[in-house]
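Colleague: Please take a close look at one part of this model. I would like to know how it packs and which way its residues face.

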Amino acid sequence: APEYSNGAVLQKLKQCLPGSNIQSLVNATKPVVLDSSQQKALINCLSQRVALIQGPPGTGKSFIGTLAAKIINENSSEVILCVCYTNHALDQF
């Protein structure tokens, strides 16, 4: 299991209700409010070594990926590989 999979951020995220502001939990500069699908995707990303985020346009895939990368970067020494289908998606990420 990845070293961040038992971390405090993940455990607290699992306890949050969807729609809660998790700004302080993820050390963000702006409010962060996730719906239930986004919260499940983020927990999934932080619970295993490889995760896939997919969905229709505008559902927050890039946002969740960026948030997961931020949490992993700040809470572990893991190396992150990000693969994007388009250069535009990579630029957003």
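Modeller: Helices α1 and α2 are roughly antiparallel to each other, because angles over 145 degrees count as roughly antiparallel. This is a predicted model, in which local features need pLDDT of at least 70 and side-chain atom pairs count only at pLDDT 80 or more, while totals for chains, interfaces and linings use all residues. Residues are numbered from 1 along each chain as its sequence is written, and side-chain values use heavy atoms, with hydrogens and water left out.

Now the geometry. Helix α1 spans residues 8-15 and helix α2 residues 36-47. Helices are DSSP runs (H or I, at least four residues), numbered from the N terminus. The two pack at an angle of about 155 degrees, with their axes 10 Å apart. Axes here are lines fitted to C-alpha atoms over the stretch in contact, and angles run from 0 to 180 degrees between N-to-C directions. The crossing of α1 and α2 is left-handed: the near helix is turned anticlockwise from the far one by less than a right angle.

From α1, the contact (heavy atoms within 4.5 Å) takes in Leu 10, Leu 13 and Lys 14. From α2 come Gln 39, Leu 42, Ile 43, Leu 46 and Ser 47. By class, that contact has 5 nonpolar, 2 polar and 1 charged residues.

Val 9, Leu 10 and Leu 13 are the buried residues of α1 (under 20% relative accessible area, 1.4 Å probe, protein chains only). They cover an arc of only 95 degrees around the axis, which puts them on the same side of α1. The arc is that of the directions from the helix axis to the C-beta atoms. An α-helix has 3.6 residues a turn, so residues three or four places apart point the same way. What covers the buried residues of α1 includes α2 and α3, residues 61-75.

On the other side of α1, Ala 8 and Gln 15 are exposed, that is, over 50% relative accessible area. Ala 8 has 52% relative accessibility, so it counts as exposed. Ala 8 and Asn 75 are 67 residues apart in sequence, yet 9.3 Å apart in space, C-alpha to C-alpha.

Notes. Angles under 35 degrees count as roughly parallel, over 145 as roughly antiparallel, 65 to 115 as roughly perpendicular and the rest as oblique. Ala, Val, Leu, Ile, Met, Phe, Trp, Tyr, Cys and Pro count as nonpolar, Asp, Glu, Lys and Arg as charged, and the others, Gly among them, as polar.
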